[in-house]
Amino acid sequence: MVSGDGCGRDARRGPSRGFRGVQGGSIGSGGAAAGCGRALRGDGRCRPCMTSDRSAAHSLPAGASPAEIAAALDGWFRRSARRLPWRQNPTPYRVWVAEVMLQQTTVAACIPRFERFIRRFPDVRALAAASLEDVLSEWEGLGYYSRARNLWSAARVIVDLHGGELPSDIESLRTLPGIGHYTAGAIRSIAFDLPAGMVDANIRRVLGRVAGIEPSNAAERSVFQLCLSLSASGSPRIVNQALMELGSLVCLPRGPLCGECPFRSSCRARLEERFDCWHGSVPKEARVAQVEEVCITASVEENWLLSRPCDGRWRGMWEFPRARLQDGSAAPAEVARSVLERDFGVVPVSVQHTGSLRYRVTVHDTQLHVVSAMLPCEPESALREWRLIPTDELAEIPLPSPMRRIARSLISQRLAGLDMHGREGA
Ligand code: SF4
């Protein structure tokens with residue numbers, strides 16, 4: 001089933017071994033029937049997926065059945081897959097949490113955080129019973145906090161409407177906050193071992209290269225249908241994970257390791273040496289917006305003033321009061337003074353610009369000016385939700401990463417015997 005030839009020009013001469021029945025076959029070459037066995041209509045459109053041209057129709061290596069391809073993926077996965085914590089005991093809850101966590105976070109970073117999250121919230125009911133603040137606190141440092149908010153919201157819906165058990169059908173899964181086509185397919189196939197199509201960058205690249213599906217709008221549908229067809233022809237749990245794993249470890253965007261690939265004798269991209277096709281997403285030249293903000297570390301005696309974020313980015317968390325600096329704004333210390341007066345109804349005894357730090361969220365590169373302020377009393381007639389927190393409790397509050405850096409600095413100052421504003425002699 002697995003050939004031993006390397007990846008190089010001799011591949012053009014045709015593979016010596018490969019899948020049973022695949023040798024020398026052309027992939028995705030069109031013809032009277034698509035590789036899935038379904039006849040193409042006269043206009044070249046495949047009936048089930050209605051893709052508009054033959055090259056985009058989901059096609060398998062000539063002579064290979066979906067079951068043979070699925071078996072090859074199965075064998076490769078069992079030999080080569082990494083042992084990852086979410087692959088042990090793949091319950092619907094664990095698969096769901098892992099898929100959400102992996103959306104914007106590397107595997108290496110996810111491993112310890114996944115285990116910690118599961119220890120703290122071991123099942124759907126535990127997650128639903130937790131406060132949003134606790135969930136955000138556990139998510140701290142992973143970024144993209146809407147993922148944590150959606151997990152928490154969806155857990156409550158699952159308890160209310162599904163008896164605490166994740167549903168297995170795509171339609172019901174798709175109604176849950178934060179679950180799109182891909183995550184629904186992953187949960188259905190990996191957790192329930194039921195056939196499902198799913199398309200992420202890895203699967204798109206592997207199947208696009210193997211079947212020679214040219215990138216296009218219709219291709220997305222073709223890759224989905226091909227994945228669905230393969231998952232229905234073997235163990236959906238193994239086949240879909242194998243496609244993802246193959247894309248992560250072997251079929252790399254640049255420099256694919258074809259010699260280690262179960263498709264090396266039949267892959268269309270390899271036979272044609274067209275690896276640029278489906279090289280994966282290329283980071284676009286992002287236009288970075290430069291932003292300036294002021295962040296106010298204001299204290300009343302031994303307590304720090306925290307408020308709810310003034311925009312939706314960090315909704316549900318707490319922060320040191322923050323405000324955007326516009327072109328022509330006054331100096332940071334003056335802006336801080338007016339924010340405290342206007343939004344919190346308190347006139348500071350003193351304000352001092354103490355430094356700045358940078359952070360980046362999506363395309364916003366932000367310079368955050370930190371202004372220390374001493375308040376004579378608690379806020380009055382505040383326009384924003386606020387609370388006062390002693391220094392030794394700052395570590396317990398869910399804070400966005402830049403705010404956490406500031407909080408750590410304040411905690412260090414206290415440990416060093418400095419006063420609330422970094423001066424000696426506290
Ligand atoms: S690793 Fe090479 S042979 Fe395997 S699917 Fe990718 S391009 Fe094709």
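What volume does the largest pocket have? About 450 Å³, in what is a predicted model, so let's take a look around.

**Stop one: the largest pocket**

Start by selecting Glu 99, Leu 102, Tyr 182, Asp 200 and Met 244; of the 21 residues that line this pocket, these are the closest to its centre. Next, colour three helices: α2 (92–102), α8 (181–191) and α11 (236–249). Each of them supplies at least two residues of the lining of the largest pocket.

**Stop two: the second largest pocket**

Now move over to the second largest pocket, which holds about 260 Å³ of space. Pick out Gly 143, Tyr 144, Tyr 145, Trp 314 and Val 361, the closest to the centre among the 14 residues that line it. Then show β4 (350–361) and α14 (401–415), the elements that give two or more residues to this lining. The strand β4 has the largest share, with three residues. Colouring by class here gives eight nonpolar, four polar and two charged residues.

Methods: Residues are numbered from 1 along each chain as its sequence is written. This is a predicted model: local features need pLDDT of at least 70, side-chain atom pairs count only at pLDDT 80 or more; totals for chains, interfaces and linings use all residues. Side-chain values use heavy atoms; hydrogens and water are left out. On a 1 Å grid over the protein atoms alone, a cavity is a set of points where a 1.4 Å probe fits but cannot get out, and a pocket is an open set with protein on both sides within 12 Å along at least five of seven lines; lining residues have an atom within 4 Å of a point. Grid points are joined across faces, edges and corners, and a volume is the space filled by probe spheres set on the points. Helices (H or I, at least four residues) and strands (E, at least two) are DSSP runs, numbered from the N terminus. Ala, Val, Leu, Ile, Met, Phe, Trp, Tyr, Cys and Pro count as nonpolar, Asp, Glu, Lys and Arg as charged, and the others, Gly among them, as polar.
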